[in-house]
Amino acid sequence: AHESGPFEIRPPLMHRRQFLASATLPLLGCAPTQEITGGFTGIAFERGHVLRETRTWPTPSVTRRTDVLIAGGGVAGLAAARALRLRGVEDFALLELEDRAGGNSRGGAVGGIACPLGAHYLPVPSDDAPDVQNLLEELGVRQRVAGRWVVDERHLCHSPQERLFLNGAWQDGLLPVQGVGAATLAQYQKFAALVAQHRQQARWTIPKPNRPLAPIQQAQAAITFAAYLDQHGLDDPHLRWYLDYCCRDDYGAGTATVSAWAGIHYFASRHGFHAPGADGGEREGGVLTWPEGNGWLTQRLAAPLADRLHTGQVVLRIAETRQGVEVDVFDTATQTVVRWQARRAIIALPVFVAARVVQNPPDFLRQAAAHTTYAPWLVANIHIAQPLFDRPGPAPSWDNVLYNTAGLGYVDAMHQSLRPVPAATVLTYYRALGDVPQGRRLLMEKPWTAWRDEILAELATAHPDLAAKATRIDITRYGHAMAIPTPAVSSQIGLQRLFHGREQLQKPQRLAYAHSDWAGYSVFEEAFTLGHRAGSS
């Protein structure tokens with residue numbers, strides 16, 4: 001579904017296997033040759049906690065006025081700001097908690113190398129996401145040539161795109177095929193047939209359309225993906241691992257937590273599921289990526305805002321008044337409370353935050369907050385001074401996943417570079433904690449050194465020299481990284497309630513809501529589209 005227009009992924013510039021294999025391999029378990037520095041970075045989570053912990057606030061020391069106020073500078077808030085500018089509305093202000101806008105799609109740098117702090121790619125959007133397509137055209141990522149849309153290949157993920165470490169060696173693609181038997185392949189084919197069937201039964205798009213789910217989708221939204229797989233006799237451990245990995249990667253939790261609707265949506269809204277031998281094996285569609293991940297996009301969305309972007313702002317209260325909207329904000333730089341007055345406000349905050357700060361919140365907001373659960377995430381950027389020893393198999397790829405481990409693997413920040421010889425780079429490692437008991441507390445209380453050692457030990461299976469070549473590890477923690485699309489408790493809550501709420505929220509009003517939470521799951525296309533609609537109304 002994300003393949004729109006003709007394009008080709010750039011072929012690899014060179015084979016790096018010989019270079020990597022020539023690297024000196026230290027004995028497994030040897031101590032690092034140099035100290036690994038680093039720490040927690042990227043998120044000032046204590047700013048969000050101050051809203052929860054402080055009971056009383058001083059009287060606002062200053063009052064500021066603007067026509068439209070945007071609370072939240074993630075993808076949705078930035079999209080709303082862009083939509084206002086496209087309409088010719090220049091009198092607005094955007095309030096952001098962190099020191100930089102971008103939310104989960106911010107970028108950073110370690111050792112002078114740009115790397116993602118969160119989301120690291122965007123599938124080439126289909127015609128179902130015209131607002132995202134227009135953004136990419138505006139940024140020069142795609143253009144019309146001889147009447148056809150062409151994607152600039154410099155922004156497409158260079159080949160090789162992905163590989164899996166399985167049974168002591170690397171294989172192409174992430175679906176386990178190396179050494180699997182006929183029974184496993186048969187279950188791959190059975191699941192592929194089910195996905196194809198569901199694509200015929202209902203419409204699957206990103207972003208979701210503004211209408212209720214089809215009956216078959218509503219039934220899937222009411223059960224877990226694991227229960228759905230059980231119902232269809234899909235119990236092969238390789239297939240179950242792969243599907244669990246996909247859910248953790250996109251939704252922050254595995255098949256036992258997310259709904260069957262979400263698990264099927266992962267494939268049906270994109271490229272389907274292709275069993276090995278049937279259609280060339282499992283494959284991804286075109287993927288746009290940059291060294292700093294989706295931070296490349298959010299930096300360009302934030303740049304034109306200039307002094308209309310206010311960072312380090314903790315939203316305390318949002319209230320409707322006779323004249324419009326009143327918003328109280330704690331400015332972390334001046335340690336004062338500022339009162340904003342506006343004609344209307346766009347609330348691009350997570351649902352649980354919006355329900356806390358909106359005065360007399362409406363029923364749909366309270367109910368959405370009560371039924372939305374969030375996945376904590378950890379992102380570790382590992383700077384390595386030299387190329388790593390590489391096990392047998394395909395050449396180092398952009399996305400590198402280890403089978404049956406706690407993490408989701410890593411992406412190579414320098415994979416998109418045109419340098420002729422591999423050198424220093426940053427490996428961005430991801431781990432979702434949506435299924436981990438007390439995951440949020442573990443994320444916040446576990447020392448950086450413990451995370452460092454655990455991550456190095458996990459990746460040492462494929463890269464025994466990693467500890468010796470790593471120089472710095474910066475870890476970013478997201479306590480509420482994304483809404484998890486859990487099964488609906490009934491037809492009126494969960495995904496369905498969030499969906500109906502989103503329909504309702506598009507009506508012109510003083511308070512408009514725009515955040516990926518209202519889609520029930522967190523992806524760029526949903527957040528951008530919701531923000532664009534809020535800013536366009």
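Start by selecting T184, Q187, Y188, F191, A192, L194, V195 and H198, the buried residues of helix 5 in this predicted model. They lie on the same side of helix 5, because they cover an arc of only 160° around the axis.

Now turn to the opposite face. A182, A183 and Q200 are the exposed residues there, turned away from the buried side of helix 5.

Check the length of helix 5, residues 182-201. At 1.5 Å a residue, its 20 residues should span 28 Å, and the end C-alpha atoms are 29 Å apart, which agrees.

What covers the buried residues of helix 5? Show helix 6 (215-221), helix 7 (225-231), helix 8 and helix 9, which are among the covering elements.

Stay on helix 9. The run includes W261, H265, Y266 and F267.

Next, step into the loop between helix 9 (260-268) and strand 11 (287-288) and pick G272. Is G272 buried or exposed? Its relative accessible area is 2%, under the 20% cut-off, so G272 counts as buried. Draw a C-alpha to C-alpha distance from G272 to A192: the two are 80 residues apart in sequence and 7.5 Å apart in space.

Color the largest nonpolar core. It has 123 residues, and F191, F225, F273 and I318 touch the most other members. Helix 8 (residues 237-251) gives the most to this core, with 8 residues. A second, separate core has 25 residues, including A380, I382, I455 and L459.

Hide the helices and look at the sheet. It is open, with 8 strands in the order 1-20-16-19-18-17-9-10 and mixed pairing. Strand 1 (37-40) and strand 10 (169-172) each have a single partner strand, so one side of each is left without a neighbour in the sheet. Neighbouring strands are turned by 20° against each other on average, direction ignored.

Zoom in on strand 9 (residues 162-166) and strand 17 (residues 399-402). They pair in the parallel sense over 4 bridges.

Finally, bring two helices back. Helix 8 lies across several strands, including strand 9 and strand 17, and runs at about 125° to strand 17. Helix 14 (residues 448-459) also lies across strands, among them strand 1 and strand 20, and runs at about 100° to strand 20.

Definitions and conventions: Residues are numbered from 1 along each chain as its sequence is written. This is a predicted model: local features need pLDDT of at least 70, side-chain atom pairs count only at pLDDT 80 or more; totals for chains, interfaces and linings use all residues. Side-chain values use heavy atoms; hydrogens and water are left out. Buried means under 20% relative accessible area, exposed over 50%, partly exposed in between (1.4 Å probe, protein chains only). A nonpolar core is a set of buried Ala, Val, Leu, Ile, Met, Phe, Trp, Tyr and Cys residues joined through side-chain atoms within 4.5 Å. The expected span of a helix is 1.5 Å times one less than its number of residues. The arc is that of the directions from the helix axis to the C-beta atoms. Contact means heavy atoms within 4.5 Å. Two strands pair if DSSP finds at least two bridges between them. Axes are lines fitted to C-alpha atoms, for helices over the stretch in contact, and angles run from 0 to 180 degrees between N-to-C directions.
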